[in-house]
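Opening my notebook on a structure I have not looked at before. I'll jot things down in the order I looked them up.

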Amino acid sequence: MSAVQICLNHSISQSPYKLSQFFNLERENNLVRGRSVIRTNFRRDVVTACLNVDVSAAKAGKIASEKTKELIEMEGKFLVGTYARVPVVLERGKGCKVYDVEGREYLDFSAGIAVNALGHGDADWLKAVVDQASTLTHTSNVFYSIPQVELAKRLVASSFADRVFFANSGTEANEAAIKFARKYQRHTTANKKLPATEFIAFSNCFHGRTLGALALTSKEQYRIPFEPVMPGVNFIEYGNVQASIELIKQGKIAAVFVEPIQGEGGIYSATKEFLQSLRNACDEAGTLLVFDEVQCGLGRSGFLWAHEAYGVFPDMMTLAKPLAGGLPIGAVLVTERVASSINYGDHGSTFAGNPLVCNAALAVLDKISKPDFLSSVSNKGLYFKELLKQKLGRNRHVKEIRGLGLIIGIDLDVPASPLVDACRNSGLLVLTAGKGNVVRLVPPLIITEKELEQAAEILCQNLPALDESNQN
């Protein structure tokens with residue numbers, strides 16, 4: 001049994017992770033001093049803290065714990081049970097850290113599932129939101145609004161696209177792209193031929209949970225409970241050039257949907273050959289190429305758009321997660337060739353592109369599109385991957401550490417959840433991906449090298465959880 005000694009006056013309601021900065025890290029068999037001793041299970045060690053106990057703080061800690069329990073019970077009573085949540089009630093955030101109702105501090109490498117690119121409480125983002133909320137929040141798309149037009153202009157100027165359609169989420173953006181592809185094929189098909197109506201998607205892909213986007217998503221456990229979904233979707237192994245070309249050549253495919261870097265699927269990156277082959281085959285057959293950059297786009301790869309790393313450009317690109325810094329938004333960026341087939345009334349949304357979310361998105365885009373910012377993401381990603389390889393690479397359960405920029409996956413030969421849980425208990429929030437065997441790391445893009453080092457150390461220290469779970 002090993003122990004950690006803490007010699008300070010401190011409220012016991014405070015997080016053990018915050019206390020780590022005061023730890024005497026020398027391990028001894030017995031360190032029991034002072035008037036009060038607290039023993040807490042931490043993995044299989046015992047943490048011994050020598051504290052002058054503040055009775056009022058202890059009471060506050062008990063109240064906070066009861067608040068967590070009460071809120072979890074209320075959630076179970078009033079919300080539809082679609083989420084298997086972890087037992088943490090988050091209350092506030094600042095920078096790359098979040099805090100629960102009990103005062104515990106967590107280093108946030110989930111970023112709201114790759115949403116909070118600028119972290120929590122960014123001053124410029126907050127000003128954009130507050131200023132716009134006090135001016136004009138929502139109008140519907142019956143009217144014009146300045147932030148929406150300005151955001152569309154900025155997205156066009158920074159991409160391959162000529163026009164933008166706004167939605168409220170990633171799955172809505174993909175639904176719009178499905179409709180645009182169908183309409184484009186109908187618009188361009190001549191001589192009374194039947195237009196192409198089918199789609200290609202790939203293994204391990206994820207495009208959303210509404211029925212059209214769900215039909216394009218490869219995980220059967222997501223689709224089967226809701227079948228029949230949209231017919232005509234063909235799944236091909238991600239990266240299989242020959243099979244893709246052969247199917248596209250048949251002339252039945254309206255569009256190919258592909259993620260340049262798969263997030264939910266396990267952090268798999270495409271190759272230039274694969275994407276270029278898709279581009280060439282689509283051009284020859286009159287098929288549209290759609291890049292889903294909902295998770296990998298907007299700076300996460302170290303490029304503003306992930307496809308820029310390959311030098312291959314789509315006909316449509318779907319965006320969402322980080323675009324408005326945490327407010328709900330989606331977007332489809334299209335070429336003029338696609339846009340010319342869309343007429344008034346073909347698609348729409350009440351909330352999409354409202355002044356509030358668009359002004360927030362302008363604040364995000366202002367920061368992440370700067371070359372120095374993107375270069376820092378790329379450099380931090382390289383540093384973090386190398387750090388992870390040094391600290392984790394020799395562990396027998398770690399098969400591969402992969403990714404680009406700050407979208408990184410640790411591929412394991414066992415389920416990742418014991419490690420994810422252990423990291424959370426140590427003050428680090430990470431996600432799973434793939435078939436549950438990949439640790440997904442998508443921190444805010446403003447993360448510092450010091451915070452990357454802290455995360456790598458916590459991951460390293462908690463690797464034994466993988467062996468402990470297998471022994472149980």
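**Entry 1: a pair of lysines.** I started with Lys94 and found that Lys94 stands opposite Lys97 in β7. Before going further, a note to myself that this is a predicted model. I then checked how the strands around that pair are joined. β6 and strand β7 (residues 97-100) are antiparallel partners, with four bridges between them.

**Entry 2: the sheet they belong to.** Which strands make up this open sheet, and in what order? I read off four strands in the order β6-β7-β8-β20, and the pairing is mixed. The edges are β6 (90-94) and β20 (428-429), each of which pairs on one side only.

**Entry 3: the chain as a whole.** I stepped back for the totals. The chain has 15 helices and 22 strands. Of its 472 residues, 51% are buried. I also looked at contacts between residues at least 6 apart in sequence, and 71% of those join residues at least 24 apart.

**Entry 4: a covered strand.** Next I picked strand β12 (residues 253-258). Is β12 mostly covered or mostly open? Mostly covered, I found: six of its six residues are buried. Then I looked up its partners. Strand β10 (residues 198-202) pairs with β12 in the parallel sense over three bridges, and there Ile200 has Val256 in β12 as its bridge partner. Strand β15 (residues 288-292) also runs parallel to β12, joined to β12 by four bridges. For that pairing I noted Ala255, whose bridge partner in β15 is Leu288.

**Entry 5: one threonine.** What does Thr68 touch, leaving aside neighbours within four places in sequence? My list reads Pro87, Val89, Val101 and Glu102.

**Entry 6: helices α3 and α11.** On to helix packing. Two packed helices are described by the angle between their axes and the distance between the axes. For helix α3 (residues 123-133) and helix α11 (residues 355-368), I have an angle of about 155 degrees and axes 8 Å apart. That angle makes α3 roughly antiparallel to α11. I noted the crossing as right-handed. On the α3 side the contact involves Asp124, Trp125, Ala128, Val129, Gln132 and Ala133, and on the α11 side Pro355, Leu356, Asn359, Ala360, Ala363, Val364 and Lys367. I sorted the residues of this contact into nine nonpolar, two polar and two charged.

**Entry 7: helices α12 and α14.** Last pair for today. Helix α12 (residues 371-392) and helix α14 (residues 449-461) pack at about 25 degrees, their axes 10 Å apart. That makes α12 roughly parallel to α14. Here too I wrote down a right-handed crossing, for α12 and α14. From α12, the residues that meet α14 are Lys380, Tyr383, Phe384, Leu387, Leu388, Lys391 and Leu392. They meet Glu449, Leu452, Glu453, Ala455, Ala456, Glu457, Leu459 and Cys460 in α14. How many residues of this contact are nonpolar, polar and charged? I got ten nonpolar, no polar and five charged.

Conventions. Residues are numbered from 1 along each chain as its sequence is written. This is a predicted model: local features need pLDDT of at least 70, side-chain atom pairs count only at pLDDT 80 or more; totals for chains, interfaces and linings use all residues. Side-chain values use heavy atoms; hydrogens and water are left out. Axes are lines fitted to C-alpha atoms, for helices over the stretch in contact, and angles run from 0 to 180 degrees between N-to-C directions. Helices (H or I, at least four residues) and strands (E, at least two) are DSSP runs, numbered from the N terminus. Angles under 35 degrees count as roughly parallel, over 145 as roughly antiparallel, 65 to 115 as roughly perpendicular and the rest as oblique. A crossing is left-handed if the near helix is turned anticlockwise from the far one by less than a right angle, and right-handed if clockwise. Contact means heavy atoms within 4.5 Å. Ala, Val, Leu, Ile, Met, Phe, Trp, Tyr, Cys and Pro count as nonpolar, Asp, Glu, Lys and Arg as charged, and the others, Gly among them, as polar. Two strands pair if DSSP finds at least two bridges between them. Buried means under 20% relative accessible area, exposed over 50%, partly exposed in between (1.4 Å probe, protein chains only).
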